[in-house]
Amino acid sequence: MLVGVDGSESALQAVRWAAGEAVRRGAPLLVEYAWVWPLYRVSLGPAPGAPAGAGLQAQAERVLADAVDAARRVAPELDVDSRLVTGDTAARLVEGSKNAQLLVVGSRGLGGFAGLLLGSVGVACAMHAACPVVVVRGEAGRSGPVVLGIDGHDRSHHAVSEAFALAQRLGAPVRAVHSFTVPLRQEGASSYRDHLVAAEEDARALVEKELAAARVDYPDVEVEVVLGDHPPAKELLLHSETAGIVVVGARGSGGFAGLLLGSTSQALVHHSHCPVMVVR
């Protein structure tokens with residue numbers, strides 16, 4: 001597992017969440033900090049007359065040491081390693097994701113813009129990482145169901161599988177959430193009530209089809225199916241208020257092949273009340 005840090009409290013929160021998940025997975029944790037200063041060929045050591053421990057190199061090493069310490073406070077026996085790399089943070093994390101089970105990042109970096117709820121690094125990782133990405137935000141330590149967004153996309157089984165595996169590790173139920181709309185006309189339906197009933201039946205059938213394999217693979221995981229009438233993003237944001245984590249696919253069903261992160265995923269990683277797992 002890989003977790004990115006930058007010295008912010010948000011990053012340390014991500015480290016703590018990642019340490020707990022690494023223990024549940026029985027996996028080692030790699031803490032990575034990417035910096036650009038060596039590319040500018042500036043002095044990395046302390047300035048003349050500065051006290052010991054000053055300078056860019058020492059500061060970077062301190063960021064990593066604090067992150068490793070935070071992980072070990074959560075899980076003293078966890079195998080934790082750290083790595084200081086040179087280059088763009090998002091690019092290095094995306095590259096590292098090719099060899100990771102999971103990439104974990106915080107929701108707010110050190111960019112300085114208080115209104116930017118998710119830093120550019122988090123967005124880039126959620127869009128381009130080669131493995132699932134968890135954006136740790138909101139109440140990261142609380143218990144609650146694993147809320148799974150179901151959109152009927154032909155690759156949503158990846159998100160379903162990750163959600164059930166996570167729920168089993170957490171000892172939590174899965175709450176499968178699907179938003180549906182009532183069509184203006186439905187064959188064989190003569191009233192709005194008939195339209196509503198038919199639409200609900202179709203929606204439930206779609207969800208059960210998506211969950212069928214996971215129910216077999218994870219028979220001990222309790223499952224609740226919720227059919228909502230809000231837009232998908234709003235529905236999942238409402239459920240994030242009581243969830244332990246929300247799991248969604250990276251691409252929605254809008255049909256834009258170049259849009260690597262769907263509007264629902266975008267809304268969640270920016271505004272969710274709990275951590276969000278984006279599965280590509």
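Mentor: Let's start with helix α3 (residues 89–96), which lies across β1 (2–4), β2, β3 and β4 (103–106) and runs at about 150° to β2. Lying across here involves contact, meaning heavy atoms within 4.5 Å. Axes are lines fitted to C-alpha atoms, for helices over the stretch in contact, and angles run from 0 to 180 degrees between N-to-C directions. The names come from DSSP runs: helices are H or I with at least four residues, strands are E with at least two, and both are numbered from the N terminus.

Keep in mind that this is a predicted model, where local features need pLDDT of at least 70, side-chain atom pairs count only at pLDDT 80 or more, and totals for chains, interfaces and linings use all residues. Residues are numbered from 1 along each chain as its sequence is written, and side-chain values use heavy atoms, with hydrogens and water left out.

Now look under the helix. Strand β2 (residues 29–35) runs parallel to β3, and seven bridges join them. Tyr33, for instance, has Leu84 of β3 as its bridge partner. Two strands pair if DSSP finds at least two bridges between them.

Zoom out, and you'll find 10 strands in an open sheet with mixed pairing, ordered β3-β2-β1-β4-β5-β10-β9-β6-β7-β8. At the edges sit β3 (80–86) and β8 (223–228), each pairing on one side only. From one strand to the next, the twist averages 25°.

Another helix to check is α7 (residues 232–240): α7 lies across β6 (146–149), β7 (174–179), β8 and β9 (245–249), at about 155° to β7.
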